[in-house]
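Dear colleague,

My account of the findings follows directly after it.

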Amino acid sequence: MAIPSNKEELIIAIESNYKKLKAEINSIPEDLSDVKTLEGHSKGTEMSVKNLISYLIGWGELVLKWISKKELNEIVDFPETGYKWNELGKLAQKFYQDYEHEDFGELKLKLDSTVKNILILISSKSNDQLYGISWYEKYTLGRMIQLNTSSPYANARLRLRKWKKEQGFK
């Protein structure tokens with residue numbers, strides 16, 4: 001799928017990639033959701049399906065936080081307070097820990113809610129607000145949202161499909 005360049009394309013990309021990802025997630029038995037055999041976000045690490053979902057929730061919640069803080073004219077620590085862009089593996093570990101006590105069903109509902117809130121936020125913005133001006137460095141708001149939602153959803157789906165084949169799933 002091409003990189004979205006307007007509000008409508010962004011919504012379609014998120015909805016489409018999330019729908020496909022959700023189908024993959026829903027095909028995984030709960031008893032395998034804690035098994036740490038999925039390629040991790042840091043080189044040489046392994047994670048569980050629950051960790052992967054936690055990662056996606058974490059990034060979605062960060063996007064919502066960034067936008068909220070900017071709208072309140074507050075300073076935003078990108079990507080997150082205490083983390084630099086070259087420490088995303090550490091940030092992934094933080095996301096895993098943030099949601100480690102949630103069960104598989106709760107995580108799926110939380111991810112649904114995060115995606116829904118991002119789509120509501122996008123709907124409240126004009127195309128110009130999303131793509132007409134730089135929002136963070138050279139990136140528009142629409143591009144920042146896409147980089148942290150629809151792209152990771154597509155990546156997560158590919159990871160799950162590969163993992164399922166390795167586990168002997170159909």
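In which helix does S150 lie? S150 lies in helix α7. Helices (H or I, at least four residues) and strands (E, at least two) are DSSP runs, numbered from the N terminus.

Two remarks on the source come first. This is a predicted model, in which local features need pLDDT of at least 70 and side-chain atom pairs count only at pLDDT 80 or more, while totals for chains, interfaces and linings use all residues. Residues are numbered from 1 along each chain as its sequence is written, and side-chain values use heavy atoms, with hydrogens and water left out.

To continue with S150: at 2% relative accessibility, this residue counts as buried. The term buried means under 20% relative accessible area, exposed means over 50%, and partly exposed lies in between (1.4 Å probe, protein chains only). Leaving aside residues up to four places away in sequence, S150 touches A13, I14, N17 and I145, where contact means heavy atoms within 4.5 Å. The C-alpha atoms of S150 and N127 are separated by 17 Å, the two residues being 23 apart along the chain.

Helix α7 and its partners

The axes of helix α1 (residues 7-26) and helix α7 (residues 150-166) come within 8 Å and cross at roughly 25°. That makes α1 roughly parallel to α7. Axes are lines fitted to C-alpha atoms, for helices over the stretch in contact, and angles run from 0 to 180 degrees between N-to-C directions. Angles under 35 degrees count as roughly parallel, over 145 as roughly antiparallel, 65 to 115 as roughly perpendicular and the rest as oblique. On the α1 side, the residues that meet α7 include A13, I14, N17 and Y18; among their counterparts in α7 are S150, Y153, A154 and R157. By class, the contact of α1 with α7 has nine nonpolar, two polar and five charged residues. Here Ala, Val, Leu, Ile, Met, Phe, Trp, Tyr, Cys and Pro count as nonpolar, Asp, Glu, Lys and Arg as charged, and the others, Gly among them, as polar.

Helix α2 also packs with α7, at an angle of about 175° and with the axes 11 Å apart. That makes α2 roughly antiparallel to α7. V49, L52 and L56 of α2 make this contact with P152, Y153, A156, R159, L160 and W163 of α7. By class, the contact of α2 with α7 has eight nonpolar, no polar and one charged residues.

Helix α3

Which residues of helix α3 (residues 88-98) are buried? They are L91, A92, F95 and Y96. These residues cover an arc of only 150° around the axis, which puts them on the same side of α3; the arc is that of the directions from the helix axis to the C-beta atoms. The buried residues of α3 pack against β2 (46-47) and α2 (49-71). On the other side of α3, K90 and Q97 are exposed.

Backbone points in the loops

The loop between α2 and α3 holds P79, and the peptide bond from F78 to P79 is cis, with omega near -5°. N73 lies in the loop between α2 and α3 and has a positive phi of about 55° although it is not a glycine. N73 is exposed, with a relative accessible area of 73%. E137, in the loop between β3 (134-136) and β4 (139-140), has a positive phi of about 50° although it is not a glycine. At 60% relative accessibility, E137 counts as exposed.

Yours sincerely
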